[in-house]
Each structure stands twice: as C-alpha cells, then as structure tokens.
Amino acid sequence: MRVAYEDRFHELEPLLAHVEKPSRYIDHEWGAIRKDDADYRCCLVYPDVYEVGLPNQGLAILYQCANAVPGVACERAYVPWIDMADAMRAAGVPLLSLEGAAPLASFDLVGFQIPHEMAATNYLEALDLAGIPLHADERGEGDPIVIGGGPSVFNPEPLAAFFDAFLIGEGEEAIAEICREHRRLRDAGASRLEVLRGLARLRGVYVPSLYRLSHEGPCTPSGYAVPRVGEDVPPVVYKRVVEDFGGTDALTQSVVPFAQLVHDRLSVEVLRGCARGCRFCQAGITYRPVRERTPDQIVSAVSRGLSATGYDEVSLTSLSTTDHSCCRAILRRLNRRLEDTGISVSIPSQRLDSFGVDMALEVAGEKKGGLTFAPEAGSQRMRDIINKNVTEEDLDRAARAAYLEGWNRMKLYFMMGLPGETDDDVVAIANLADHVLELGREVVSKARRGSLSVSISVSVFIPKPHTPFQWCAQLDYEDVKRRQKLLLESVRNRAVRVHCHDASTSLVEAVLSRMGREAAGLIEGAWRRGQRFDAWTEQFNLDNWIAAGEELGLDLYGIAHEPFDLDALLPWDHVSPGSSKGFMQREYRRALAGETTPDCTRTSCTGCGVCPTLGVRNVLVGERV
Amino acid sequence: MTRKAKGSGNSNTAEKTAKQLRSAPRPAIEQTLFRLRVRYVKQGRLAYLGHLEVIHSIERAIRRAGLPYAVSQGFSPHMRVGYTSALPVGTSSTCEWFDVFLTALVPGPEALERLVRASAPDLRPVQAGYVGVRDPALTALITRVGYRIDLSCGMSLEELKASMAAVSELAEIPYERSGKQKVLDLAKTLGSWELEPAGEGAFHLVLHTRADNEGSLRPEILLARLDRELRGSTDAIASTGIQDLESIPVYRVERIYQRGMGEHGATVDPL
C-alpha cells in the first residue's frame, strides 16, 4: 500500500521553532510550481541541505522539464540538517516534499541527484527518513521507483543496491520519457519488475537489478556487470545527450529562495562540455560534445531570468565559460544592459592566460577581490602529464596583467599525488606560488606591495572512472600527508597561504570512485555508524568508514592505492559517456610519455570517440581564440 | 563556502582603463529621487523567515516589480532601501514597512499593484505612498510598537493577570544573548498591556511598547519572564528566538502596529 499523498506540514511546523534556519523547510518560494491535479508525481531530491541543493542547475532543469509534461507534477526535497532530521525521527515525521509537504514515500518516482561520491551516506539518510526501504530488492509494489542521475553517475555500481534505476547522461528529454513510461505501465497494472524492464528499454536508463556480476577474465576485484540471462538489456548503457542543446531554453531557473544560499544568484548555462582534455578530469569526458549557446539566446535568457526572479547577480555557468567563442561579446552586451541596476555578472573560473584576465576585468567592478586560476600542477613536466596545456609564461602573463589591473589577491588551485609526481613536483607548487607573489611585488607600486597575497588550494588527486587516469592508484595515504608537509615547508613567503584538502576525505572519495557493487555494505556500514553529510568536513569521520570496511574485510587503503591493469574490465565499463577505451589507453600512455593532446574545438578531432559513438558533434557559434 | 563579493561588475565603475570597453562615465548630476513607503505583512509560514531573509526577498520583489529603484554610488552599489526594525524568527506582523528610493515617479496605486504581483502572498505589500525624501528614516520615526500574543496556558485569567501585573512592575529583566548578559529595560519600553480570554485555556495579551535607538521590547523575553513568574521559578532567560516555555506551551507573537509621535502628542502612522 502506498502512503497517502497529503499535506503534512502541520506535523513539521511545531519543529521549526527549534531548528537552525527554519527557512530550509517552509517552501512557498517565489517560482515554485504547484500542480494539484496531477495524476503522476515525482520528487527530485538533492542529497544535501536546502541551501546547497537549491542552486543545483541540473535539478532546476529537470524540475522544469518534468513539470512541463501534462499531468506530471514534479516537487523537490532536500536532506534535513542533522538537527531537523533528529527532531523529525523523534516526532515520527517522515521526509516531506517542499511543494506539497507530502511524504516522499507517496510519490510515484523519487529521483536523487548524484553530485559526487561523498553524498553516498545521504541517500540512505533520506530514504530512511522517508520510510522507503533502503535496498532496491526490498521495495514492494507500493514503494516509489528510486532513480539516480547526475554528474557522478558514471560509476553507479557502489550505489547499485540502493537504486532501482539510474539515468546516465543528460536528462532534459529522458525525465519526461521516464515519467510517461512509468505512468503508462503503472496505469496498465504492471508489476514493479515489469516497470523496471520497461524503463530499461529507454535510452540512457540503467537498471542494476537486470545485470549480474561476473569475475570472468581479466577484471578488478569488483568484477563487472553483464546482462542477466534472459533480460533484454544492453551490455553497455550509453549516456543520453539532449537532441538539440541550443534548442533548449537557456532559462532553467524559476525558484527564488528565501534562505540565503551558497550561490544566491541566477545561473545561465552558456555552454556545455569542455574538450581541453585534462587527463584527471571526469567532467571533461562525460559532458562532451562541446555545445555553445548563441549570444542572443544567452542575453535574452539573462534578461528574462533577472526580471522573473529579481536576483542581483547572474552567473554565466559552464565547465569553462571563458572558452565560449563569443565570451567577450556576451559580457559587453550584458554589461551595457545592466548598467545602473546594481546587478552584477560573474563567471565561475578564469582561464589561465591574458584573455582570462581581460574577461575577469569585464565582470569586475571597482571592487577587485581575488582572482582564481587553476594551474593544477607546479612543474611543466606535470602539467604536460595531465595535459593542462598551460605554460609558466601563460601564468606569468596572466598574473602580471591581473596585478597591473589592480588585483592584489591571487588564488591558485593545484592537485597533489598526480600520476608520475615526485617530491620535486610538489616543491615546484611552492616555488610557483612564491614566484607569482614575487612577480607581483616587482610590478606593483610600493604602496600596494604589503597587500599582495597568494593563496593556494591543493587537493589530492582522485582517479576517476572514464578518465585516462582511471587505472591509476591514489597516492599512498602516508605519502599524501608527507608531501603536504613537504609543501608547507617549501613555501618561502609568509604572504603565500597554503590550504591542503583533507587526506582522509580524499581516501574515501577514491574508494567510492573505484569500487563496484561491494561498496554498498561499506556505505551502509558507515551510515549505520552515524555518518551523514560526509561532504561537510566537520561531519566526516574516517574512523567510521575504516570500521565499516573492516567489518566487511575491506582494506580501504589497499583499495585506493591499488592500480588496475590496462586490459582489465573495469566496474564501470558497462556505462559509457561514449568515449572509446582505446582513446583512454592512448591518452594514458601519452601522459606517461609527457605528450600533450590538443583541444578538438581549436584544432582537429583527437579521436575520443564520443561523436561517432553517440551520433553527436561539437557545436560552436564562432571561432574560438 | 565562499561567495563572490556582491555588487561587483557595476556600471558606475566604467572609468577604469583603456581596456575597459564600457560606456564613458556620465557627469555626476543630482538625481531627482522619490521615496516610496510601503507597508507589508509577514505571516503564515513566512513568519519563520529571519530579518535578512525578509530583506533579500523584498529587494527581489522590488526588482521583479520593475520599479525604477535608485542605486547607491560607490564601491559596492546596492538598492537604496530602508526597513523598520528586525522582526524575530517566528514573529508575524501586519505592519512592517520599507522605504525605497525611486528615480522616477510611479503612481502609488500602480507601484503597490506591481509589488503585490511580484511578492509572495505571505509577504504581501498592503499600502504604499510617497513621503518626503528628507523625512526621518523609519527606524527614527517609529517609537510606538504594538504586539499581540496569542498564548495557551493552563492558568485562569486572574492568575495570569496577577502574574503579568507582577512582571510589568519590574524595572528590568536580565537575560543572556550569545553568551552576553543583557537587560531588557521594562520601565522604559513597556507602556501598557491588556489581557483577554480567547476561549478555553487561550488568551490574547496585547503589549503597547516604546522603542528608540537605545532599545525596544522583545516580547519573547517578557514571555519568558512571565513563564518564570507563573511557576515561581528563577531560571535564567536566554534569548534564543522562539522560547520553550513550561507554563505557556504554545504562543504566537504578532506585531500589530508601528507608529511615530505627532506634533501634539498623538501617535501617527508612518503614512
């Protein structure tokens, strides 16, 4: 029996007085969509608190797309912060959607965003609060179909036990197909298994229970998934790509929160995909091909979006906004239009060359905070290995231009533990940071010298599925800590501030990136030991993860630090962003040889395989510089 | 978690470098401004919004309404708008006010209608009109504030009245806020009060209070003190927004008027 779809806000309301930030739970935001007469209901869930989840562009897009289907209502839910979750459990209040304040368990479909590996325990937290059985194979006819999708779905295996289905790739069209097909089957009286088989026939949908594990032939300890005998499902599920990205509405946001968010602004996606080919980067593969929107479309969406939402900031989002072939023209047109309104434009990251500084200048006002660049590695040798096609001269020019234009604070992103890295390469990070600071002291006036600072943020390399480094091990845990110390000791200037990412979190992230279905017990064990909101540093506790692993005989350090054979079948080989394994292997070998590979939006095809495999192509609206 | 600084990328900063591609700066002219004063409600679920959340929501509504709001000059340009004093989380109101400076005159009824269409119903503007650009700010103008508290309590009307009378005789109520010892100056801020029955175990308590730059009365603190009085307790009071009170298990606070003092000692509405 399905739980009734009904408004239960009155049960939640008495709790609001006693939790932090009650506005997380009250709904009634401007632009929220209510469809009271719908005959099919889905609820999209972001696996973190409201203010982290609301700005998520993927869910905003799906919210619009699903609500555009006649008869389908799409609502939202977020994971209550621990104070509220505990209060709800104590009061017996289940997890409710925002719009209808209805129990999650009353929906036909519950769709989780899968933003990154560290959200793993929060799916369990949400399902448990919702009263939905944690394991897909324990769910009955009355339970919702639980589906996952998003950027981190390209190794779905660690989560396979908890999800009925995954959507691999872009959801604009697929979400409508999934809702319609599920409704059709439901109305025809189909069983849960028949529904799942039906969904598995849709392009891009992966139903893990219709696959079994095999350990035959060369493979990793996790084995690999193959279709169950008798199931008519594809051996490889290719990602969905929206038919005509340029034809979709660039304005995808309608809900304007009351709560103050991490990114409290209008976001307009100006382009999708990045072909720069950094070899550690998963998004650089999984978001291909590259597709740009036209300047007209972008300017119009910004205008409509600002007047519909009332935001005072608009962010032009993408993996690399300054790569848009019309970036300069778009920024000029927007600046003209927004003159005297107090509304500002922002771009999420700066390209590491003088063009990047030019563009930063276009969006900066009188107030110049910090400028952020991502050289990713300290030495040219390492930058060649990772295919970050940036030279020290590029960085010099960019930094020099930024100082001359008035910026005093520079922020640099690096990665540590990259394949082939030596202690010298770590020292090179410190040297580069010192160099950038000293360069500033040379070019700025004496009066400004004291205000200059460089801060560097150094994350730990995590080998991600579907990248040329997917076979690599993570740097040994103790070595990470040693190199972090080496880095701190190698910085000469006090005005260079070093922030190193937590080695423990990175270890678990690597484990969850590389494991297969056997990770389910690990995730559940960690959650049962109290882990939730692992993406929040103060909530993360490695001991609980280690203990959960030990109970299952899993050595997390060993899992993170063991490289895979180049010819082994990998746990994620049956879901594909369209790239060919031959390309990945070639890129891996080129990396070891220090050979770089160009960007196919600026030169010719580099043979990654995405276009021919998925029947797509890059769409540029101008010449890239 | 970091946020990009607000207000960057604005136009009145165009005079920068040769590389700057924006239009040339315009000569500074004294702009003619209009000051629109708006009364709005805060009710229902939105009573749980904090003051900053309300402010942000109103500024967004003003932009959605397409009103020609004025923007401050300087490093971090922002909308020129002023508010009445903060309403605590959980407190509703029939009489919140803001002043927004406009660069063009939009007839009052039209401005109100546009604001209503751009606002959440529970933060609905209900009255709008123009006041002098150089009139005192709302926070300086308003010195008389009324609250109505709906409360449920197991005591009789007489018991409650007696306790309230005892509390109202106090000169001050000490309490703690964010680890600091504070004092609510009751003698100065509490004018008068009325208590009426409102059904079985339910009462209306109306507080007529005085406010100025030095202080105002937070109804929660008074209620917490009343709770101590009712059960003969000397427990310390902490200001934590909505209070957990033993003898007053349920209460709701609503601001019912905000007025200033007129020339002849009579109170006047801000509009």
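Student: So two strands pair if DSSP finds at least two bridges between them. What order do the strands of the open sheet in chain A have?

Tutor: The order is β2-β1-β3-β4-β5-β6, six strands with mixed pairing. Strands (E, at least two residues) and helices (H or I, at least four) are DSSP runs numbered from the N terminus. This is a predicted model, where local features need pLDDT of at least 70 and side-chain atom pairs count only at pLDDT 80 or more, while totals for chains, interfaces and linings use all residues. Residues are numbered from 1 along each chain as its sequence is written, with chains lettered from A and ligands numbered from 1 in the order in which they are written.

Student: Which strands stand at the edges of that sheet?

Tutor: β2 (72-78) and β6 (205-206) of chain A do; each has a single partner strand, so one side of each lacks a neighbour in the sheet.

Student: How do β1 and β3 of chain A run?

Tutor: They run parallel, and four bridges join β1 (residues 40-46) to β3 (residues 109-113). In β3(A), Gly111(A) is the bridge partner of Leu44(A).

Student: Switching to chain B, which domains does it have?

Tutor: Domain 1 covers 30-140 and domain 2 covers 142-268, with bounds from an automatic or database domain assignment. Their C-alpha centres lie 28 Å apart.

Student: How many residues are in contact there?

Tutor: 14 residues of domain 1 of chain B are in contact with 13 of domain 2, meaning C-beta atoms, placed from the backbone, within 7 Å.

Student: Which element gives the most on the domain 1 side?

Tutor: β3(B) does, with five residues.

Terms used:
Two residues are in contact if their C-beta atoms, placed from the backbone, lie within 7 Å.
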